[in-house]
Amino acid sequence: MLTTAPHLYIRRPSPTTAEFTVTTCPPPSLPLRLLQLTLLLLRLITISLALLALHARFGHDLPLSTASLPPFLANLLQPILSSAPATLLTRLAAQDATPDWLVAGTALGAVYGALAFRPHTTESVLVLRGLGIQTSTTSGGGGWGVQTRFIPTEKIRDVLINEAFRGFGVRYYLVVVVEGEEDVVVLFPGLLPRRRIVEAVWRGVRGCLWEGGEEGKG
Amino acid sequence: MSQSLAPECNEVKERYDTCFLKWYSEKYLRGVGTTDNNECASLFKEYSKCLQGALKERGIDKLLDEAREDNKENDATLMGRKKCKYGPSQPAHQRDSMHPFSILTLGIFVAGYITARWDLVTRLHELAIFAWNYGVVTRATKGFAVLSLVFFLIFLPVERLATREGNLHDGLMRVFWPADLPRSELRGVVVGWRNSALDVFVLAILEEVEPRNVEFALKIGTLLRNAPHPVSRIYELCGQSAIHVLGLSNTPDSIEADPSWIRATVGPGRRVPAVTCPRASSIQTILFERPHPGRMQYISLNPIALALGDKHDGFRQEVPDGFEDADEKEDRKKKQQKRQLVEKLKQHSIFKRVPSAKEKALAKIVNQINWAWELEKLLQKNVSRIGTRPKRSLSVSERVVESATTARDMMLVWMWDMFTIYVWPIIKRLFVLGLMAHRIAAEVLLRILEWRAQPGYAALKDISATAQQVEIRLQQFCYWPMQYVTLRLRKKDWESVTTSHPDYIRFYNSLWLVANDVIIGIALGSYIIDNAGWVAEQISQLLTQYTVDALQSSISWLMGWPAGLKLNNELGAFLGDLFLWVIDYWSSCIETLRPMLPHIIWFIGFSSFAGASMPIALFSDLLSILTVHIYSFYIASARIYHWQLNILISLFHLFRGKKHNVLRNRIDSCDYDLDQLLVGTILFTLLFFLLPTVMVFYLNFAIARMVIITLKAVFDTMLSCLNHFPLFALMLRVKDPGRLPGGIRFELRDTQDFRHSVNDPSNQVPSTSVIYMKSIPLNFKAMFHQYFQMGHRIRKHYLSPRVLLCLLTGKFVPPLNRKNLYSLQYSMLPARRAGVMDMWTAVNSLPEPKRRMQPVVVPVLANGKKIPSSFGGGRTRAYG
């Protein structure tokens with residue numbers, strides 16, 4: 001539900017600049033919004049549970065009282081804190097049998113996972129005439145930020161479509177051949193979209209990157 | 001005559017028509033009475049009144065009105081155009097009508113003039129005849145012909161070429177614009193670099209000045225006056241020979257400008273400048289945040305190098321041994337294959353594109369970005385020389401404060417002078433002398449450490465961790481003065497020169513690491529010295545427990561039936577007794593060493609005041625010395641095991657009627673005699689049954705050896721952490737990521753907001769893409785690249801299947817070459833250290849400390865501007 005097959009978006013504010021984005025994020029719709037909202041709630045719950053566990057284990061000195069809070073927050077927190085899962089968790093975390101590092105590790109891992117989890121993978125190629133090609137990846141699963149790599153036009157020898165066997169199928173993928181480097185740079189390395197998309201991007205890149213790109217295709 | 005629209009008006013219309021026709025045929029066409037054509041007007045009025053009434057009755061007038069409304073615009077434009085078209089022709093007509101008279105006047109004037117100045121005319125006549133006689137006319141004609149030929153042959157093609165070139169770059173204009181440029185709504189002149197015709201780099205907007213003045217000032221260099229360092233350096237590093245006027249900002253279109261100039265609209269409320277240029281069909285606006293050179297921020301296309309080049313590859317091939325050779329060979333083969341593939345790929349691309357000027361400019365532009373901040377400050381400082389911006393003059397109280405600060409400054413300057421003249425030279429001289437003495441001592445020590453009996457032999461530093469640690473420290477001490485000198489020389493140049501920034505990071509990193517090392521070392525050392533007895537006790541206990549008792553018990557275990565395994569009793573007893581004798585002897589040696597141990601520990605503790613790395617290295621060496629018996633056991637048992645295995649294999653060949661042909665390195669079949677076969681088979685059986693006994697002993701020592709290697713690897717990892725950890729770089733990464741550039745990144749911004757803000761639809765905005773350029777900070781993986789490399793090398797050496805095979809077949813597993821493994825520790829040091837004399841000259845070439853300037857008496861000009869008189873050029877007059 002949260003992801004679809006990779007599909008292509010093109011942003012092209014001027015004929016000399018284009019961004020090709022391949023993403024598994026489905027187009028915005030009401031169910032998607034709802035799902036994203038649930039995901040956000042889940043994250044919040046996970047983080048608060050982890051914090052609660054940490055507090056139950058290590059925060060004996062700071063009693064968790066709702067008295068000092070503003071009343072509406074206290075009203076909100078009180079039922080949550082006294083709910084069955086919360087008390088269970090508190091009891092579990094406060095048990096002496098479980099070692100400290102296990103509690104701390106699990107809680108921190110849960111917080112990290114809740115913060116870093118990303119359902120979609122998005123990979124994009126930004127083509128700027130006269131400057132170069134920039135690839136960027138935000139990978140799904142966990143991870144922070146965007147990995148980008150910029151290749152100046154001067155160093156680009158060629159952009160081409162190659163085919164490779166993967167399992168029992170043939171995959172077509174876009175490749176940038178970089179001057180003076182041993183390895184070629186694969187565009188959309190994580191998603192490896194279908195041939196139709198790859199061809200569309202290839203045409204776009206050729207037309208956008210070089211002056212008079214379509215004629216000089218060769 | 002046609003019928004009228006309304007039948008009731010027919011009669012009136014007929015009357016009007018007859019009147020009109022009569023007037024038209026009899027009067028108008030004959031040209032009589034053109035002015036009074038009013039005779040039919042009353043009839044026309046009557047007719048139109050009648051018609052209007054009729055139309056109103058039928059409701060057509062409304063329709064008509066609407067139609068007229070609609071067409072009004074059309075009409076207006078049509079009429080306007082008509083007006084434009086016919087406008088100029090009217091006066092021409094009038095001129096034509098005046099023609100005969102003016103000709104007459106002119107004729108009379110010319111005739112009068114000629115008669116009045118008859119002698120002039122005759123002179124002219126004579127001159128013409130003279131010219132004709134001497135061939136002036138023919139010469140002039142020739143000259144004219146040559147000039148026109150030149151024009152047709154050279155200028156026209158050049159002009160054509162220029163236009164072709166102009167059309168070639170598809171009208172894409174690239175504008176680099178600093179995003180943090182001050183935004184004001186004043187009119188301004190945009191100044192910057194012009195990398196190629198449609199590729200401009202904006203440096204600054206000079207406000208309220210005339211473009212002509214700016215151009216002139218740039219030409220004669222007024223705007224770069226009072227530069228703290230040579231101006232030629234700017235041009236050299238930015239790759240351009242001059243700063244140009246690029247365009248105008250916030251200037252109405254009515255002011256005409258060069259067609260290659262850009263027009264920018266900026267303002268406090270507008271984050272992205274709206275840029276247009278008459279020559280460009282589409283525009284790339286690339287916004288960037290200027291790195292601040294004062295904070296040593298900069299950008300670069302390639303990640304900053306924290307290590308000093310990759311020069312240690314050369315070392316590795318110096319000492320080839322068998323094991324390493326195999327590794328290297330495999331690597332080389334892989335590289336070769338890859339190179340071939342790359343060659344093939346090169347052949348794949350059929351034609352090579354010639355990069356355009358814009359594409360080649362990127363490296364230059366990176367430099368220009370690094371310079372942008374400093375240059376803008378310089379330009380803005382000098383703007384007052386070309387334009388006048390009113391400023392208020394100082395008030396009385398401000399003047400009082402100023403004179404007070406001046407007095408304080410005078411005092412400070414006097415004290416500083418005293419210090420620099422009398423105290424400073426002595427301190428400096430003493431320090432330099434101490435440094436040189438230290439350098440000479442270091443040279444001697446280094447010579448000893450690096451001394452090899454023969455070229456292929458191992459030097460002291462290759463064997464001992466302590467020697468290596470001492471060598472690294474000494475090399476660092478030798479390198480610091482050189483580094484410091486280069487960093488001091490940086491002060492003499494512009495701040496935007498970024499070449500020495502990695503040096504700066506390396507210098508302070510190694511200083512900090514040494515300081516850290518010493519601090520940890522003092523803590524560790526004082527602990528060890530205070531508890532020397534206890535520590536020695538512990539160590540000797542560990543030694544006897546693990547290197548003597550554990551070994552003895554395991555050997556006696558093996559001499560019985562270990563784990564229910566039935567071994568050969570006699571052989572087991574023989575081998576076990578052999579090893580036990582040696583262990584006994586070794587333990588007696590250790591017993592004699594035991595009283596010495598507290599002193600050794602005390603010495604180690606004392607050495608740790610030179611840094612925590614010293615005791616670690618010493619412990620590592622101590623470990624290898626005190627476990628030398630295990631090492632020799634391992635070698636001996638491995639040799640026995642290996643021999644036995646080899647004999648078994650060759651006897652197995654014999655058993656099958658084959659043999660190993662050494663000459664051809666293959667297995668050949670062979671006819672053995674019966675007795676040969678018999679003896680061989682008996683020996684094979686014997687040795688085969690003895691093999692397990694030898695193997696368990698071998699495995700015992702091999703495992704002990706592996707444990708020791710692991711321990712030493714842990715020590716060495718600690719050493720490399722203490723010597724090489726990128727502490728300063730990590731701190732910088734957290735504090736100011738701009739100082740550790742790891743490349744650049746572009747971000748495409750939506751252009752919507754920009755398009756909406758331009759409300760005027762008639763203003764044709766070229767398609768614009770707004771791109772933000774950002775610097776990526778160096779990622780952590782690149783920072784710890786050396787560590788990854790070291791880990792990879794260790795893994796390749798010790799955890800490969802070949803090592804397992806070596807272990808199983810009893811071949812000697814060599815330890816990884818120290819030099820090879822710890823190239824990491826040398827990555828901050830130059831391959832060749834500078835000699836003593838080099839250092840002497842370098843240290844003496846340091847510039848003198850700058851003497852503080854006498855406080856400058858600043859004349860306050862009439863318009864309140866301050867022009868310091870003693871700086872630079874000595875011209876105090878402002879241009880305005």
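Which hand does the crossing of α16(B) and α19(B) have, left or right? Hold that for a moment. A reminder first: this is a predicted model.

Let's start with that helix pair. Helix α16 of chain B runs over residues 501-530, and helix α19 of chain B over residues 597-607. They pack at an angle of about 160°, and their axes are 7 Å apart. Angles over 145 degrees count as roughly antiparallel, so α16(B) is roughly antiparallel to α19(B). Now the hand. The crossing of α16(B) and α19(B) is left-handed.

Who touches whom? From α16(B) come G525(B), I528(B) and I529(B). On the α19(B) side they meet I601(B), W602(B), I604(B), G605(B) and F606(B). By class, this contact has six nonpolar residues, two polar ones and no charged ones.

Next pair, still in chain B. Helix α21 covers residues 628-655 and helix α22 covers residues 674-724. Their packing angle is about 150°, with 7 Å between the axes. That makes α21(B) roughly antiparallel to α22(B). The crossing of α21(B) and α22(B) is left-handed. As for composition, the contact of α21(B) with α22(B) holds 27 nonpolar, four polar and one charged residues.

Now the annotation. The UniProt record, an unreviewed entry, marks "transmembrane region" on chain B at residues 98-116, 136-156, 511-529, 571-588, 600-620, 640-656 and 677-701. I looked at two of those spans in the model. Residues 136-156 of chain B are 100% helix and 0% strand, with the end C-alpha atoms 28 Å apart. Residues 571-588 of chain B are also 100% helix and 0% strand. There the end C-alpha atoms lie 26 Å apart.

On to chain A. How is it divided into domains? The domain assignment gives domain 1, made of 7-25 + 119-210, and domain 2, which is 32-116. Taken over C-alpha atoms, the centres of these two domains of chain A are separated by 42 Å.

Last topic, the contact between the chains. Chain A puts in 25 residues and chain B puts in 30. Which strands of chain A each supply at least two residues to the side that touches chain B? They are β1 (7-14), β2 (17-23), β3 (122-128), β5 (147-152) and β6 (156-166). By class, the chain A side divides into nine nonpolar, eight polar and eight charged residues.

To recap the helix pairs: α16(B) with α19(B) is a left-handed crossing, and α21(B) with α22(B) is left-handed too. That's it from me.

Terms used. Residues are numbered from 1 along each chain as its sequence is written. Chains are lettered from A and ligands numbered from 1 in the order in which they are written. This is a predicted model: local features need pLDDT of at least 70, side-chain atom pairs count only at pLDDT 80 or more; totals for chains, interfaces and linings use all residues. Axes are lines fitted to C-alpha atoms, for helices over the stretch in contact, and angles run from 0 to 180 degrees between N-to-C directions. Helices (H or I, at least four residues) and strands (E, at least two) are DSSP runs, numbered from the N terminus. Angles under 35 degrees count as roughly parallel, over 145 as roughly antiparallel, 65 to 115 as roughly perpendicular and the rest as oblique. A crossing is left-handed if the near helix is turned anticlockwise from the far one by less than a right angle, and right-handed if clockwise. Ala, Val, Leu, Ile, Met, Phe, Trp, Tyr, Cys and Pro count as nonpolar, Asp, Glu, Lys and Arg as charged, and the others, Gly among them, as polar. Domain bounds come from an automatic or database domain assignment. Two residues are in contact if their C-beta atoms, placed from the backbone, lie within 7 Å. UniProt positions are given in the numbering used here, feature names are shortened, and annotations may be inferred rather than shown by experiment.
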